[in-house]
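Please load the model in your viewer and keep a selection panel open beside it. The tour moves from the whole chain to single side chains, with a stop at each selection.

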Amino acid sequence: MVKQILQNLNNHPGLILFNPASNNDIVKLNHFLTDYKALDLPEDYQDFLRLTDGLIFNDLELYGCHCRARPGYEFPSIEFIYKLTLDNSFFRNNIILGLLSEEIVVYNYTNSFYSLIDRVTLDLSLIHISEPTRQAEIS
């Protein structure tokens, strides 16, 4: 499914994809996360990283295993962002995977779902995608 979505997006101007992450890159990132008491990345996100190590499209940024330097902008890695949020108790059960406009894209380990969180208030907003069922719920 992720591969199909990326193929459909590939025709859109402004899409930036990166080289795929290697299995070794993903294993290193998962080791880093487990060392800091998080869990491995969800399997479908690992599949995404095997296709492209991050993505930029319009207001959507999905982070990968590596930081990327662009003129005037540093595209962070999941590890870099995780280190910035270690002291914030809100992110104890959530890992930041990217940004969407004024929202933060997170994966919640406790409930096994993806969410969009308001950047300013950290309120859960818009959509939860349940990992086991892949059902979307609007809140």
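What follows is a series of selections, each with a description of what is there.

This is a predicted model, in which local features need pLDDT of at least 70 and side-chain atom pairs count only at pLDDT 80 or more, while totals for chains, interfaces and linings use all residues. Residues are numbered from 1 along each chain as its sequence is written, and side-chain values use heavy atoms, with hydrogens and water left out.

**The whole chain**

Begin with the chain coloured by secondary structure, where there are 4 helices and 10 strands; helices (H or I, at least four residues) and strands (E, at least two) are DSSP runs, numbered from the N terminus. Read from the N terminus on, the elements follow the order α-β-α-α-β-β-β-β-α-β-β-β-β-β. Of the 139 residues, 43% count as buried, where buried means under 20% relative accessible area, exposed over 50% and partly exposed in between (1.4 Å probe, protein chains only). Among contacts with a separation of 6 or more, 40% come from residues 24 or more positions apart, a contact being heavy atoms within 4.5 Å.

**Helix H2**

Next select residues 23–35, which form helix H2. Its 13 residues at 1.5 Å a residue should span 18 Å, and the end C-alpha atoms are 18 Å apart, which agrees; the expected span is 1.5 Å times one less than the number of residues. Show the side chains of Asp-25, Ile-26, Leu-29, Asn-30, Phe-32 and Leu-33, which are buried. Looking down the axis of H2, you will find its buried residues within an arc of 155°, so they line one face of the helix; the arc is that of the directions from the helix axis to the C-beta atoms. The face turned away from that buried side carries the exposed residues Lys-28 and Asp-35. Just after H2, stop at Lys-37, which takes a positive phi of about 75°.

The structure holds 4 salt bridges, each a side-chain nitrogen of Lys or Arg within 4 Å of a carboxyl oxygen of Asp or Glu. Select Arg-50 and Asp-47, whose side chains meet in one of them (3.0 Å, N to O); the two are 3 residues apart in H3, which separates them by about one helical turn. Arg-50 is partly exposed at 32% relative accessible area, and Asp-47 is partly exposed at 36%.

Then move to Asp-53 and Arg-68, which form a salt bridge with their closest N and O atoms 3.2 Å apart. Asp-53 lies in the loop between H3 and strand E2 (55–57) and Arg-68 in strand E4 (residues 68–70), so the pair ties together parts that are 15 residues apart in sequence. Asp-53 is buried with a relative accessible area of 0%, and Arg-68 counts as buried at 19%.

**Helix H4**

Finish with Glu-79 and Lys-83, whose side chains meet in a salt bridge (3.2 Å, N to O). These residues are 4 apart in helix H4, about one helical turn; Glu-79 counts as partly exposed at 26% relative accessibility, as does Lys-83 at 43%.
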